[in-house]
Structure formats: C-alpha cells, structure tokens
Amino acid sequence: MSVSTTQQLDCPDCGSVMELRENRRGGFFFGCIEYPSCFGTRPAYSDGTPVVEPNPTTLRARATAALALQRLWRSGAMTRQAAHRWMRAVMRLPKERCYVARFTEEQCERFVELVERELRI
C-alpha cells in the first residue's frame, strides 16, 4: 500500500484505534484494529485521508462554490473542462485534490471571489 496517514482515528463503535486498509477494489478505508471482534469502519479518500462529514456551514460554502464553477462554463466564458483546469490553476491544487467537495470554507470563499473576478473581466 503506497498511501499512508499520520492521523489517528478512533473507532466509532468501540473506541479503539483505526488503521488505514485497502479494500478488494483498490480503494481505502479505516478499519478497527479489533477486527474481527469489531466491524467499525470509516471511509477514506484515495490519498489515505479520512472522509470527514462537513458541518452545515461548510456544506453551504461548497454548494456556493459549485454554483460558481458552473457559472464559469455555463456563461460560455470557457468549456467545462477548461473551467476545471482553471480552478486547479487558481487554487494551486493538484488534479487529485482539486474537488469542490473537499474544499474548506476558506477555499470555497476564495474560489467564489476568483470566479466573480474572472467573470467581470
């Protein structure tokens, strides 16, 4: 497994430590070290970082950022693919990490500002 994490997670079922594991299809998840007596799991992204449920404020910020991205290509200013390339460039993120669904609130706010600036030009 070429992916690793330094973050320690606690099992939601028993409280024990969880470790990063690879599933049969090559994806990743965190599993309880007490398996098979405990079946606690948590999802992980392909880079080994845990999927964390965002709070409602973060969800709203992501929805706003997603709409801003849509405005870029629906306005005709650029194609959908070009809009995604532009997003990667202005956010300075690699392709595998540049998803609105993974943005923090601060990243969402910054992205919306950048889109508004781009559409005014």
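This section describes the sheet, the cysteines, the nonpolar cores and the salt bridges of a predicted model.

Confidence was considered first. The protein chain has an average pLDDT of 90, and 93% of its residues score at least 70. Within the chain, the lowest confidence falls in β1, with a mean of 88, and the highest in α2, with 96. Where pLDDT is low, predicted coordinates should not be read in detail.

The strands, four in number, make up an open sheet with antiparallel pairing, arranged in the order β1-β2-β3-β4. The edge positions are taken by β1 (9-10) and β4 (41-43); each has a single partner strand, so one side of each has no neighbour in the sheet. Strand β2 spans residues 17-22 and runs antiparallel to β1, to which it is joined by two bridges. In this pairing, Val 17 of β2 is the residue opposite Asp 10.

No disulfides are present in the structure. For Cys 14, the closest cysteine sulfur belongs to Cys 32 at 3.5 Å, which is too far for a bond, given that a disulfide requires sulfur atoms within 2.5 Å.

Nonpolar side chains in soluble globular proteins tend to be buried together. In the present model, the largest nonpolar core contains 21 residues, and the members that touch the most others are Leu 69, Leu 72, Trp 86, Met 87, Met 91, Phe 103 and Phe 111. Helices α1 (56-74), α2 (80-91) and α3 (105-120) are the elements that each contribute two or more residues to this core. Helix α2 provides the largest share, with six residues. The contacts of Leu 69 illustrate the packing: leaving aside residues up to four places away in sequence, Leu 69 touches Ala 83, His 84, Met 87, Val 100 and Phe 111. Another core, of nine residues, lies apart from the largest one; its members include Cys 11, Leu 20, Cys 32 and Ala 44.

Side chains of opposite charge can pair when their charged atoms come close. Two salt bridges occur in the structure. One of them links the side chains of Arg 21 and Glu 19, with an N to O distance of 3.0 Å. The two partners fall into separate accessibility classes: Arg 21 is buried, at a relative accessible area of 19%, and Glu 19 is partly exposed, at 37%. The threshold for burial is under 20% relative accessible area.

The side chains of Arg 102 and Asp 47 form a salt bridge as well, with an N to O distance of 3.3 Å. Arg 102 is located in the loop between α2 and α3, and Asp 47 in the loop between β4 and α1; the pair therefore ties together parts that are 55 residues apart in sequence. Both partners are partly exposed, with a relative accessibility of 22% for Arg 102 and a relative accessible area of 30% for Asp 47.

Note on methods: Residues are numbered from 1 along each chain as its sequence is written. This is a predicted model: local features need pLDDT of at least 70, side-chain atom pairs count only at pLDDT 80 or more; totals for chains, interfaces and linings use all residues. Side-chain values use heavy atoms; hydrogens and water are left out. Two strands pair if DSSP finds at least two bridges between them. A nonpolar core is a set of buried Ala, Val, Leu, Ile, Met, Phe, Trp, Tyr and Cys residues joined through side-chain atoms within 4.5 Å. Buried means under 20% relative accessible area, exposed over 50%, partly exposed in between (1.4 Å probe, protein chains only). Contact means heavy atoms within 4.5 Å. pLDDT is the predictor's confidence in each residue, from 0 to 100. A salt bridge is a side-chain nitrogen of Lys or Arg within 4 Å of a carboxyl oxygen of Asp or Glu.
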